[in-house]
Amino acid sequence: MRPNIVTEAGVQTRVGQWWNAIPFLTSSVVVVCGVIYLICLLTGYDTFYEVCFLPSAIISRFQVYRFYTAIIFHGSLLHVLFNMMALVPMGSELERIMGSVRLLYLTILLATTNAILHLLIASLAGYNPFYQYDHLMNECAIGFSGILFSMIVIETSLSGVTSRSVFGLFNVPAKLYPWILLIVFQLLMTNVSLLGHLCGILSGFSYSYGLFNFLMPGSSFFTTIESASWMSSFVRRPKFIMCTGGNPSSYIPTYSAQNTTSSGFSTGNAWRSLSSWLPQREASNQSSEDSRFPGRGRTLSTTRDPTAPAGETDPNLHARLLEDSSSPDRLSDATVNTIADSRQVPIANAAVLPQSQGRVTAPEEQIQKLVAMGFDRTQVEVALAAADDDLTVAVEILMSQQA
């Protein structure tokens with residue numbers, strides 16, 4: 001037997017499928033951060049003093065551009081890989097809910113509020129009259145992790161989960177998850193910005209509690225941007241997600257609908273979450289079928305719809321046939337004729353076949369199939385007559401009779 005085609009796909013094909021499933025803005029951020037790090041690596045630029053978030057330089061020289069340049073530069077390969085792998089699941093989820101343009105606006109808003117909070121806290125710590133923490137004013141912070149902490153808070157508060165897994169090792173309450181991550185990263189990594197991550201958490205909670213509602217425009221604002229001529233080349237991209245006009249604070253599904261825990265940074269669930277990024281076939285809403293009788297099930301109603309066409313079969317006829325099935329002799333010629341008459345549908349430009357008189361005999365092959373299933377031959381003939389030789393309907397009638 002030929003193996004499944006999915007198992008034959010190479011690494012390049014799987015990576016291509018994974019990449020194509022990432023929405024437009026999220027994949028663009030990954031590309032921009034990756035290209036910038038590669039350029040810095042090739043040119044040997046590793047000081048980042050001119051682009052990092054430096055509170056003293058912002059206050060003294062009003063270099064506001066640092067609010068945004070700091071989030072796209074990274075200090076090492078592990079730094080950029082870790083941040084981008086954490087961004088892909090969370091950013092993809094939020095972008096599918098909000099749309100590409102609205103998520104871009106939210107990212108800029110979070111970068112701005114993170115920087116302002118960072119600047120205020122550093123200024124208060126550095127210039128307070130009691131004890132001055134001068135190092136916070138001269139701390140050079142870079143990386144996308146501040147935005148990631150904001151996204152973690154937003155996704156956690158909107159997902160509805162009660163607990164989350166920390167690196168697949170232990171579960172913590174969902175409300176404490178961002179704070180636990182903040183402590184864990186500070187303990188495991190010495191060269192991280194505690195204040196940058198803390199401001200990301202505060203911005204995330206501000207958005208979740210509606211403090212940024214007055215800063216979030218309506219859906220018409222984003223629709224106008226999407227319909228602009230200069231946006232046409234981006235909107236035509238297959239991965240671009242239009243703003244649907246829904247509430248950006250609506251429910252966000254977790255990675256697995258059957259689990260109550262999920263983690264944006266969980267390494268134990270990283271490869272499992274990759275499958276959720278690939279296109280999947282939607283589950284059917286049909287009820288489970290009996291393995292013995294494959295086919296599409298139909299429900300036999302005991303009442304007739306007054307709006308139904310006159311050519312359709314009267315559902316009460318099935319009930320009368322089931323009642324008379326115990327005594328086949330009680331099935332009169334009038335009843336059989338009623339079956340044939342109700343099954344006839346007029347067809348334009350078609351010859352009318354003469355009706356058979358008396359009981360209509362079903363094909364012997366169909367009768368033998370149903371008898372082989374364990375049904376009585378007389379009941380099989382009656383059921384086939386009622387079903388107009390439709391095996392699926394006849395099986396339903398016989399099963400209903402036995403029930």
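Tutor: Start with F53 and F67, which are both buried, that is, under 20% relative accessible area with a 1.4 Å probe and protein chains only (exposed is over 50%, partly exposed in between). The model is predicted, so local features need pLDDT of at least 70 and side-chain atom pairs pLDDT 80 or more, while totals for chains, interfaces and linings use all residues. Numbering runs from 1 along each chain as its sequence is written, and side-chain values use heavy atoms, without hydrogens and water.

Student: Why is the pair of F53 and F67 called tilted?

Tutor: Rings of Phe, Tyr and Trp (its six-membered ring) pair if their centres lie within 6.5 Å; planes under 30 degrees apart are stacked, over 60 edge-to-face, the rest tilted. The centres of F53 and F67 are 6.0 Å apart and the planes are at 40°, so the pair is tilted.

Student: What makes W179 and F205 a stacked pair?

Tutor: Their centres are 6.0 Å apart, and the angle between the planes is 15°.

Student: Which parts does the pair of W179 and F205 tie together?

Tutor: W179 lies in helix α10 (residues 177-188) and F205 in helix α11 (residues 194-208), so the pair joins parts 26 residues apart in sequence. Helices here are DSSP runs of H or I, at least four residues, numbered from the N terminus.

Student: Why does W179 count as partly exposed?

Tutor: Its relative accessibility is 33%, so W179 falls in that class.

Student: How do you know that R164 sits over the ring of Y177?

Tutor: The rule asks for NZ of Lys or CZ of Arg within 6 Å of the ring centre and within 35 degrees of the ring normal. R164 lies over the face of Y177, 5.4 Å from the ring centre.

Conventions
Helix = DSSP H or I, 4+ residues; strand = E, 2+ residues; numbered from the N terminus.
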